[in-house]
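Have the picture open while you read.

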Amino acid sequence: MASALAFVAVLLAAAAAATSPAAVAATTLTIQNLCPHPVWPLITPTSGQPISDNTARLDPNSLISLAFPPTPWSGRVAARTGCDAAASPPAGCETGASPPSTVAQLSVHGGGDIAAYSVSLVDGFNVPVVVSPQAVGGGQCPVLGCVVDLNCDCPPGQRFSDGAACRGPPEYFKGRCPQTRTTPGDVETVPQSCRSPGELKVIFCPPTMLTAAAGDMLIRTVVASS
């Protein structure tokens, strides 16, 4: 009888471990640079511990992967450009270290649970950025962001650093990139409820995640099955 009870206890313990938050795979942050020039990612936590020392340089077609902590984490990811290649940490960056810059906003609630994400142009624009969830556990997980180089047609009075970045205005940004946030109260036009993504991928200068329709650039939407 005692041995049977011990066996049941082991089974219950195994079941509890399998369903506990610690058993859920943590979400990974992957940053990929598809720009034709180097970038230096700047990852700034707004809640939670730092996950990067912000010294990495990403050459074209390269990427890095970082682990989110098992506890809730929120933060911002931007691409610094034109930095002094000989300096470590990066210094003298032309854009991205401060506004105007494109910002990916990420929030993971620990243990790979619900993730929230967006691409903000509230602080301006320097490079195209999208956030693409991968290996999702369910819900609606659209690819969000901007695939258009908004520096090209930036109004002359809004250009920054010889055209390397653009300050706005918000209606210009929203008209070209509707799946971004361009004012503090702005939201995207597609719903989002992304559960347990194994990876949040931030892509700088994405070339292929769009389709052309009537002259507009539309971001492909990925919806995970529940």
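Two strands count as paired if DSSP finds at least two bridges between them. Strands themselves are DSSP runs of E with at least two residues, numbered from the N terminus. By that rule, β6 and β12 (residues 193-195) run antiparallel and are joined by two bridges. Look for Ala115, which sits opposite Cys194 in β12.

A quick word on the source: this is a predicted model, where local features need pLDDT of at least 70, side-chain atom pairs count only at pLDDT 80 or more, and totals for chains, interfaces and linings use all residues. Residues are numbered from 1 along each chain as its sequence is written, and side-chain values use heavy atoms, leaving out hydrogens and water.

Zooming out, six strands make an open sheet in the order β2-β4-β5-β6-β12-β8, with antiparallel pairing. Its edge strands, β2 (40-47) and β8 (138-140), each pair on one side only.

Now for the nonpolar cores: sets of buried Ala, Val, Leu, Ile, Met, Phe, Trp, Tyr and Cys residues joined through side-chain atoms within 4.5 Å. Buried means under 20% relative accessible area (1.4 Å probe, protein chains only).

| Core | Size | Residues include |
|---|---|---|
| Largest | 28 residues | Leu29, Val77, Leu106, Val202, Phe204 |
| Second, separate | 14 residues | Val130, Val147, Phe173, Ile203 |

Val77 is in contact (heavy atoms within 4.5 Å) with residues including Leu29, Leu106, Val202 and Phe204.

Finally, find Thr81 in the loop between β4 (73-80) and β5 (103-108). Thr81 is buried, with a relative accessible area of 8%, and it touches His37, Cys93 and Asn126, among others.

Technical notes. Helix = DSSP H or I, 4+ residues; strand = E, 2+ residues; numbered from the N terminus. Buried < 20%, exposed > 50% of the residue type's maximum accessible area, 1.4 Å probe, protein only. Lists of a residue's contacts leave out its neighbours within four places in sequence.
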